[in-house]
Amino acid sequence: MTSAMLGSLGPVLMPGALVLAASLIMAADSTVPREMQEAADRALESLKKTHGAGEAARIDRGVAQVLRFWRPEDGDAAAFRAFVEVEFVPSGEPVDAVFDRMEVALERMDGYFLSMSRDLRRGLDLDLGPLLPLDERLGAFEPAAHLSEDLFKNRLAFVALLNFPLTTLEGRLARGGTWSRREWAEARLAQRFSTRIPAEVNAGLTQAYAEAARYIADYNVFMHHVLAADGRRLFPPGLRLLSHWNLRDEIKARYADPEGLARQRLIAAVMDRIVRQEIPAVAVNNPLVDWTPETGAVALSAVEDAPAPATARSEAKPDREADQRYRRWLGVFQAERATIPYYPDEPTLVDRRFNRGREIPVAQFTALLESVLSSPLGEKVGRLVAQRLGRPLEPFDIWYGGFKPRGKLGEAELDELTRKRYPSAAAYAADIPRLLRDLGFSQERAGFLADRIVVEPARGSGHALGPLRRDDKAHLRTRVGPQGMDYKGYNIAVHEMGHNVEQVFSMTTIDHTLLQGVPNTAFTEALAFVFQARDLELLGLGAPDPAAEDLAALDDFWGTREIAGVALVDIAAWRWLEAHPEATPAQFREAVVGIARDVWNRHFAPLFGVKDVTLLGIYSHMVDSGLYTPDYPLGHLIAFQVVQHFRTLKGPTGAEFERICQLGNLTPDAWMRQAVGAPLSAQPLLASTARAVEAMPSVAAAP
Ligand SMILES: [Zn+2]
């Protein structure tokens with residue numbers, strides 16, 4: 001987890017649409033009031049007279065960019081004209097000075113707002129004793145909530161739009177490879193102001209997402225009350241599983257259970273009924289009724305269990321869920337749809353998600369996933385899974401996790417080791433310089449970094465919070481129990497430390513703070529994995545052995561395959577909504593069930609020997625996170641590529657890590673080319689998987 005979780009500061013920096021001057025002026029013609037267009041024309045004329053022909057292109061572009069975002073409340077035609085005539089600055093020293101001021105001003109604003117939020121959230125985030133109701137309130141307060149609109153109101157946004165170019169993703173991909181660092185920084189500066197969504201439209205978005213999140217947060221299944229076809233209870237009392245996370249993780253955990261198969265099948269049946277909305281409404285979050293997915297039967301339960309949640313209902317009518325799942329998902333879609341007019345260059349929501357947030361065109365992205373899903377390695381690894389399980393594959397084996405390499409020491413021994421070494425957060429902090437030296441950083445760099453990382457005990461599982469001003473510090477939060485840091489806490493601390501080091505280099509020592517960060521979260525996760533993968537080595541337990549690397553590749557491949565399927569379902573569902581914006585929840589449900597089956601039949605049925613499975617549609621993020629699932633397979637691929645780069649590195653890790661982090665927020669493709677010398681690709685994962693499969697003779701030889 002990283003600081004992106006903190007909220008609105010990240011999204012303010014969202015990459016944006018790019019507009020070429022000519023198309024911008026033409027677009028403006030149709031919608032801009034006549035007096036505004038006349039003011040713009042007169043301003044163009046007078047600016048060109050003042051600054052000469054050499055500046056004509058910049059003047060055309062800048063005036064058009066301001067005109068595009070100017071609203072009546074910003075001032076009348078005369079005010080507009082006066083503004084552009086006064087604030088336009090010619091190339092050379094004048095524009096350099098404006099650029100420098102802007103860069104520092106935005107760094108200070110973002111940086112102080114972030115550190116203020118961090119301070120206000122201390123009670124919520126840190127293990128400082130009992131949580132007060134006030135802590136929730138302080139944590140919910142977002143000082144930068146209105147920053148973006150304030151910057152338009154005070155016209156700072158317009159100064160940026162007047163003097164720096166808006167760019168399109170196409171342009172950044174085509175020409176970004178030859179841009180100077182300053183050109184990249186200018187592009188990011190203007191991009192920050194490439195959309196201006198009215199407050200009420202934003203409020204609609206917040207509400208739709210909140211409603212969907214509430215629906216998901218409460219979606220528990222009481223497993224003791226889910227009956228097998230023969231009426232048996234397969235799960236212990238009190239086991240309450242949140243869909244989809246706990247349901248999926250229970251399937252994963254039951255591979256270690258000798259009686260696990262029937263339980264896994266039952267959970268898969270629950271998932272299928274949720275996707276199809278054939279789960280009775282009373283079976284959701286309710287320990288008072290028994291439900292048999294096989295037959296659909298529902299009855300009041302005679303068996304005592306955990307106290308019923310306040311929302312549970314006692315009557316046992318087997319009503320279906322009435323498509324609530326798809327109603328909430330549609331709600332998110334409709335709220336997003338209301339923002340379309342504010343992104344005139346990106347009329348489709350799917351394209352916008354990929355062009356702005358991820359900066360990978362959706363066609364390129366799906367091709368990347370297809371390259372994994374259509375690889376013949378799928379069948380080979382599938383056979384390997386079946387062989388290890390000693391039975392034919394079942395659909396839920398998409399969640400098989402048995403390739404995970406096991407260390408020599410058990411969890412209890414590791415706990416003992418880390419508790420002794422790190423009795424407190426301070427003990428971990430004191431060890432950071434040594435850890436960094438062992439990871440390949442010079443004595444000087446290790447000290448520099450250690451001075452800029454604050455270690456604190458987390459209330460939750462742990463996170464890394466980067467600075468957004470050069471003079472601030474990164475914060476590492478991890479769980480420290482009363483007996484010290486257990487192995488899990490240590491493992492997370494090493495991961496978060498990877499984020500922190502990335503955050504310090506990509507903010508404090510980077511050349512342009514406008515390029516602060518990484519292209520998207522998948523990249524900082526990849527860099528954190530580079531550290532995390534070496535956690536046992538840092539405990540003095542030796543380097544990971546090569547056989548473990550093979551297993552890790554197989555595990556990654558199988559996991560990437562599963563989540564790639566999920567992402568394709570998510571994308572196709574949004575595409576369907578765009579084609580059917582007036583759909584009812586029931587129609588949308590039917591469509592998603594069909595899409596989930598299609599993706600399954602194309603990419604999974606050949607391996608699994610079963611058709612028409614709906615499990616790929618179970619992810620809760622689909623409902624409440626608006627096309628977020630594609631970040632997962634992307635994360636797997638990026639992490640693999642980056643970790644592989646460090647594995648094959650000849651020189652010192654530290655210097656290379658620093659160089660890569662200082663690339664900053666380029667497009668993913670430009671970042672990858674400059675970081676590892678190759679475009680974003682699934683090839684490293686596929687090549688490692690192929691090697692791993694070869695190392696397993698019985699499978700390689702199978703027909
Ligand atoms: Zn992380």
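Please keep in mind that the model is predicted.

Three strands make up an open sheet with mixed pairing, and their order is β5-β7-β6. Both β5 (453–457) and β6 (462–465) stand at the edges with a single partner strand each, so one side of each has no neighbour in the sheet. From one strand to the next, the twist averages 15°. If you are wondering what holds such strands side by side, strands of a sheet pair through backbone hydrogen bonds, either parallel or antiparallel. Here, β5 and strand β7 (residues 474–478) run parallel and are joined by five bridges. To find one of these places in the model, look for Val454, whose bridge partner in β7 is His475.

Strand β3 (residues 289–292) and strand β4 (residues 297–300) run antiparallel, with four bridges joining them. Together β3 and β4 form a hairpin, with four residues between the two strands. Val289 stands opposite Leu300 in β4. In the turn you will find Gly296, which has a positive phi of about 85°.

A further strand, β2 (residues 240–242), contains Leu242. Where does the chain come back to meet this residue? Apart from neighbours within four places in sequence, Leu242 is in contact with Ile216, Ala217, Tyr219, Asn220 and Leu247. Tyr219 is 23 residues away from Leu242 along the chain, yet their C-alpha atoms are separated by 5.7 Å.

Other helices show how two axes can meet. The axes of helix α23 (residues 487–507) and helix α31 (residues 653–661) come within 8 Å and cross at roughly 60°, and the two helices are therefore oblique to each other. Their crossing is right-handed. At the meeting place, Gly498, Val501, Glu502, Phe505 and Ser506 in α23 meet Phe657, Glu658 and Cys661 in α31.

Helix α30 (residues 631–647) packs with helix α33 (residues 683–694) at about 75°, with the axes 8 Å apart. That angle makes α30 roughly perpendicular to α33. From α30, Leu637, Phe640, Gln641 and Gln644 meet Pro684, Leu685, Ser688 and Arg691 in α33.

Our last stop is a residue in a loop. Thr614 sits between α28 (605–608) and α29 (621–624). Is Thr614 buried or exposed? Its relative accessibility is 0%, so Thr614 counts as buried. Leaving out neighbours within four places in sequence, the residues in contact with Thr614 are Asp272, Val275, Arg276, Val593, Ala596 and Arg597.

Definitions and conventions: Residues numbered from 1 in each chain as written. Predicted model: local features only at pLDDT ≥ 70, side-chain atom pairs only at ≥ 80, totals over all residues. Heavy atoms only, no water. Buried < 20%, exposed > 50% of the residue type's maximum accessible area, 1.4 Å probe, protein only. Contact = heavy atoms within 4.5 Å. Pairing = 2+ DSSP bridges. Axes fitted to C-alpha atoms, helices over the stretch in contact; angles between N-to-C directions. Parallel < 35°, antiparallel > 145°, perpendicular 65-115°, else oblique. Left-handed = near helix turned anticlockwise from the far one by under 90°.
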